[in-house]
Amino acid sequence: MQIIQTEIITKVMITEIVNNKLGTNYFCKEKNIEFFLRKARNVDAKIIFELSNEDVVRDNSINTNKIIWDDHLNWLSARLESKNCFYLLAFTKEDDFIGQIRYDIDNDTASISISISKDFRGKGFSTVLLTSSVELMFNQYSKVNFVLAKIHQKNIASTKTFTKAGYIHSHQEVINGNEFDVLELTRKDENPN
Ligand SMILES: CC(C)(COP(=O)(O)OP(=O)(O)OC[C@H]1O[C@@H](n2cnc3c(N)ncnc32)[C@H](O)[C@@H]1OP(=O)(O)O)[C@@H](O)C(=O)NCCC(=O)NCCS
């Protein structure tokens with residue numbers, strides 16, 4: 001899959017993304033998908049809340065409880081303030097909300113979470129979002145070498161999408177009584193010699 005960045009990412013630009021000023025445009029030639037990735041902000045609380053609280057998103061999460069608005073605001077502020085959270089949102093050119101990707105960093109490992117808005121599911125967005133966002137995350141966090149995705153065993157779409165993005169099965173975990181497959185992506189060594 002060929003993803004063309006319509007703006008070249010420089011270190012300056014990545015710094016600006018972190019400061020919530022800029023994002024990056026992407027175009028995936030193979031799927032004819034165009035999208036804009038930028039850091040999440042507190043003003044995005046409503047769209048994030050609505051997506052995260054959809055039944056299908058809750059059903060496929062580790063914590064399946066419905067989210068309460070005030071808890072969400074506190075949770076989001078904490079995530080956005082944390083240096084160990086890399087939280088991106090994707091939009092169309094028309095500014096429609098495509099979805100969210102979050103990396104929670106713990107030493108050399110990031111845990112990933114992704115959800116796509118209802119109108120954009122089934123169009124192949126998730127694989128290109130995984131591929132493009134992980135590159136930004138690896139650039140931003142030089143100590144991170146592994147990304148883990150915990151996927152509910154019934155979540156076939158998610159398993160397919162992570163596999164297409166290069167993740168491989170690591171092990172299984174039972175969390176809150178549900179079985180999850182843990183898929184892992186390892187940073188590619190740019191200088192193998
Ligand atoms: C899971 C999710 C991220 C997938 O994103 P997406 O962009 O809609 O992915 P796609 O629709 O392109 O589906 C990926 C693949 O799964 C297949 N698929 C989708 N639903 C399926 C189903 N119910 N059974 C079997 N295969 C299915 C698609 O055909 C596609 O395969 P293909 O590329 O070989 O044709 C998205 O559906 C979502 O946000 N779901 C709710 C939240 C969630 O589950 N997040 C992941 C938690 S780990």
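Let's start at one residue, Ile112, which touches Ile101, Tyr103, Val147 and Ala149, leaving out residues up to four places away in sequence. Touching, or being in contact, is taken here as two C-beta atoms, placed from the backbone, lying within 7 Å. Residues are numbered from 1 along each chain as its sequence is written. What you're looking at is a predicted model, where local features need pLDDT of at least 70, side-chain atom pairs count only at pLDDT 80 or more, and totals for chains, interfaces and linings use all residues.

Ile112 also belongs to the largest nonpolar core, which has 33 residues. Along with Leu88, Ala90, Leu129, Ala149 and Phe162, Ile112 is among those with the most contacts inside this core. Strands 2 (23-28), 3 (33-39), 4 (85-91), 5 (97-106), 6, 7 and 9 (178-186), together with helix 5, each supply at least two of the core's residues. Such a core is a set of buried Ala, Val, Leu, Ile, Met, Phe, Trp, Tyr and Cys residues joined through C-beta atoms within 7 Å. The helices (H or I, at least four residues) and strands (E, at least two) are DSSP runs, numbered from the N terminus.

Nine strands form an open sheet with mixed pairing, in the order 1-2-3-4-5-6-7-9-8. Its edges are strand 1 (3-5) and strand 8 (168-175), each pairing on one side only; pairing takes at least two DSSP bridges between two strands. Strand 8 runs antiparallel to strand 9, and seven bridges join them. Across that pair, Gln172 stands opposite Asp181 in strand 9.

Strand 9 also holds Val182. Setting aside neighbours within four places in sequence, Val182 is in contact with Leu148, Lys150, Ser170, His171, Gln172 and Glu173.

Finally, there's the ligand. It is surrounded by 19 residues, with Asn60, Arg121, Ser126, Ala157 and Lys160 the closest; the cut-off is a backbone-placed C-beta atom within 6 Å of the molecule. Helix 3 (55-59), strand 6 (109-116), helix 5 (125-140), strand 7 (146-152) and helix 6 (156-164) give two or more residues each to this shell. Helix 6 gives the most, with five residues.

Note on methods
Buried ≥ 20, exposed ≤ 12 C-beta atoms within 10 Å, placed from the backbone.
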